[in-house]
Amino acid sequence: MKEPSSPSEELRSKVIDAIAQTMDLYGANYSYGQLYGIMFFEDRPMTLEEMQEYMNMSKSSMSYAVRSLMESRMVSKLDEKEERKDLYVAETDFFKAFQSFFTTKLQREIDVMRQVISEVSPQLSEIILDIDTPEAERQAGLKDLHKLRHAANYYEWLQQFVDGLQNGTYFDDLKQRAVALKPDSSKADSLSTLTPDPHEADPRNLH
């Protein structure tokens, strides 16, 4: 990655480094996290060639990195092109990124586990109720069935949680708070007017 050339870029680099360190949660390695951080702050569509300039990676490695970020719903490919080159843009809304990524991952877990539980539980019940089943196997089956019922309850709850993520139930209040915490540009402008002019503040200029 390019070395920062200004104090503000150094601060931005620190945030990008933090993002990169946490990207393993989304199935991406550190370099891919750096790429996402760069695209996040650029906040504009970028070509693979532009990304290469920032990351000093080969085009094949860059393509793989972008595909990985797209699978994680952190980056999307635009329909339009720039001089016949594909354009990619980072998801800058953390609420939406969380929503897209975790609903996809959790729904897959729910579907896989619910299917196997629905297949195994009836068969296990038959074994337990079969008079020819040895007692030790019956008791083991009862324990397993109890665990599966507990798992079924958990995945029922998890499905409700995912449904809430998908329809935005959990984000409405949080987004309102986030908007309320955004700095008011008008206040920033008024603060600048309150900053004394060093020349005017000099007592020698009062005479």
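Residues are numbered from 1 along each chain as its sequence is written. Because the model is predicted, local features need pLDDT of at least 70 and side-chain atom pairs count only at pLDDT 80 or more, while totals for chains, interfaces and linings use all residues; side-chain values use heavy atoms, with hydrogens and water left out.

**Core.** The largest nonpolar core contains 36 residues, and those with the most contacts inside it are M23, L35, Y36, M39, M51 and L69. At least two residues of this core come from each of α1 (7-22), α2 (30-42), α3 (48-55), α4 (59-71), β2 (85-90), α5 and α6. Such a core is a set of buried Ala, Val, Leu, Ile, Met, Phe, Trp, Tyr and Cys residues joined through side-chain atoms within 4.5 Å. Helices (H or I, at least four residues) and strands (E, at least two) are DSSP runs, numbered from the N terminus. Apart from neighbours within four places in sequence, M51 is in contact (heavy atoms within 4.5 Å) with L35, M39, M46, M62, V66 and Y88.

**Helix α6.** Spanning residues 135-166, α6 has 32 residues and reaches 46 Å from its first C-alpha to its last, close to the 46 Å expected at 1.5 Å a residue; the expected span is 1.5 Å times one less than the number of residues. Its buried residues include R138, L145, Y155 and L158, and the buried residues of α6 pack against α5 (94-129). Buried means under 20% relative accessible area, exposed over 50%, and partly exposed in between (1.4 Å probe, protein chains only). After α6 comes G168, with a positive phi near 80°.

**Surface patch.** On the surface, V112, M113, V116 and V120 form a nonpolar patch with about 270 Å² of accessible area together. V120 belongs to helix α5 and is partly exposed, at 35% relative accessible area. Patch residues have over 30% relative accessible area and no salt bridge; like charges are joined within 9 Å, nonpolar side chains (Val, Leu, Ile, Met, Phe, Trp, Tyr) within 5 Å. Areas come from the Shrake-Rupley method with a 1.4 Å probe, and for residues only the protein chains shown count as cover.

**Salt bridges.** A salt bridge is a side-chain nitrogen of Lys or Arg within 4 Å of a carboxyl oxygen of Asp or Glu. The count comes to six, among them the following.

| Pair | N to O distance |
|---|---|
| K59 and E49 | 3.3 Å |
| D86 and K81 | 2.2 Å |
| R138 and E135 | 3.2 Å |

K59 lies in α4 and E49 in α3, so the pair ties together parts that are 10 residues apart in sequence. R138 and E135 are three residues apart in α6, about one helical turn; R138 is buried at 17%, whereas E135 is partly exposed at 46%. Salt bridges with shared partners join E42, R44 and E50 into one network.
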